[in-house]
Amino acid sequence: MSARFSTVGRCAAILAAATLLPVAVADAASRDKRFFESVAGVWKGPGEIVAGKYKGTKFTCNLTGLPAEGKETGLKLDGTCRVGVFSQPMSAVISQAGGSYKGQFLDGADGKGLDIVSGTVNGNRAVMGINRAKLNGAMVARLEQDDAMNITISVKVEDRMIPVIGLKLNRQATAMAETADNE
């Protein structure tokens, strides 16, 4: 009898898990969409190169993020980062691809940018895998509050992730008010 109960119990557990799986996937998808919607807006703040040839270089970025439209999950980011009198356009497109993410910074690895090859969202934090030729790394964006976000870009050296760029962005209040007025 215990073997039969065990088989019935296993079947019940599998059925329960199969029933709940679509709910878990749907919940994860809506959680990810909420994260990208929450980081949409106008952001400004300082950054610094913290490792490598240009270590110590400080810059300021002005970025605008728009969430993906409709049922899509992701973000489109445009803006500039400035070092002294020199300004560099910045752009990124991040979109959900199955249970992960894909996209590119600037024009992707085939141009002067990076490819986004993977990603996850967990609460107030998104981690995107980045790649360019033999360079692998990660971009971590962490929403500290509704109006503060830290971004760290790290590269893999041997078996360690080394932070190379850090940004501390603040949401621009006037842009938040304009966005709220438009809703």
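The questions and answers below go from the chain as a whole to single residues.

Biologist: In what order do the elements of the protein chain run from the N terminus on?

Modeller: Please keep in mind that this is a predicted model. The protein chain has two helices and 10 strands. Read from the N terminus on, these elements follow the order α-β-β-β-β-β-β-β-β-β-β-α.

Biologist: Leaving aside neighbours within four places in sequence, which residues is F36 in contact with?

Modeller: F36 is among the residues with the most contacts inside the largest nonpolar core. Once its neighbours within four places in sequence are left aside, the residues in contact with F36 are P67, T73, G74, L75, I94, Y101, V121 and M128.

Biologist: Is D32 buried or exposed?

Modeller: D32 lies in helix α1, which covers residues 2–39. Not counting residues up to four places away in sequence, D32 touches T73, Q96, Y101 and V121, and a polar contact of 2.7 Å joins its side chain to that of Y101. The relative accessibility of D32 is 6%, so D32 counts as buried.

Biologist: What is the handedness of the disulfide of C61 and C81?

Modeller: The sulfur atoms of C61 and C81 are 1.9 Å apart, and the two residues form a disulfide. C61 lies in strand β2 (residues 58–67) and C81 in strand β3 (residues 74–83), so the pair ties together parts that are 20 residues apart in sequence. Both C61 and C81 are buried. Because the torsion about their S-S bond is about 105°, the disulfide is right-handed.

Biologist: Which residue takes a positive phi in the hairpin of β4 and β5?

Modeller: Strand β4 (residues 86–97) and β5 run antiparallel and are joined by six bridges, one of which pairs A97 with S100 in β5. The hairpin has two residues between the strands, and the one with a positive phi, near 70°, is G98.

Biologist: What is the bridge partner of F105 in β6?

Modeller: β5 and β6 run antiparallel, with three bridges joining them. In β6, the bridge partner of F105 is L114.

Biologist: Is L106 buried, partly exposed or exposed?

Modeller: L106 has its place in the loop between β5 (100–105) and β6 (114–122). Not counting residues up to four places away in sequence, L106 touches P89, M90, S91, K112 and G113. Since buried means under 20% relative accessible area and exposed means over 50%, the value of 28% for L106 makes this residue partly exposed.

Technical notes. Residues numbered from 1 in each chain as written. Predicted model: local features only at pLDDT ≥ 70, side-chain atom pairs only at ≥ 80, totals over all residues. Heavy atoms only, no water. Core = buried A, V, L, I, M, F, W, Y, C linked by side-chain atoms within 4.5 Å. Buried < 20%, exposed > 50% of the residue type's maximum accessible area, 1.4 Å probe, protein only. Contact = heavy atoms within 4.5 Å. Disulfide = S-S within 2.5 Å. Helix = DSSP H or I, 4+ residues; strand = E, 2+ residues; numbered from the N terminus. Polar contact = N/O pair within 3.5 Å; in protein donor to acceptor, adjacent residues only side chain to side chain. Pairing = 2+ DSSP bridges.
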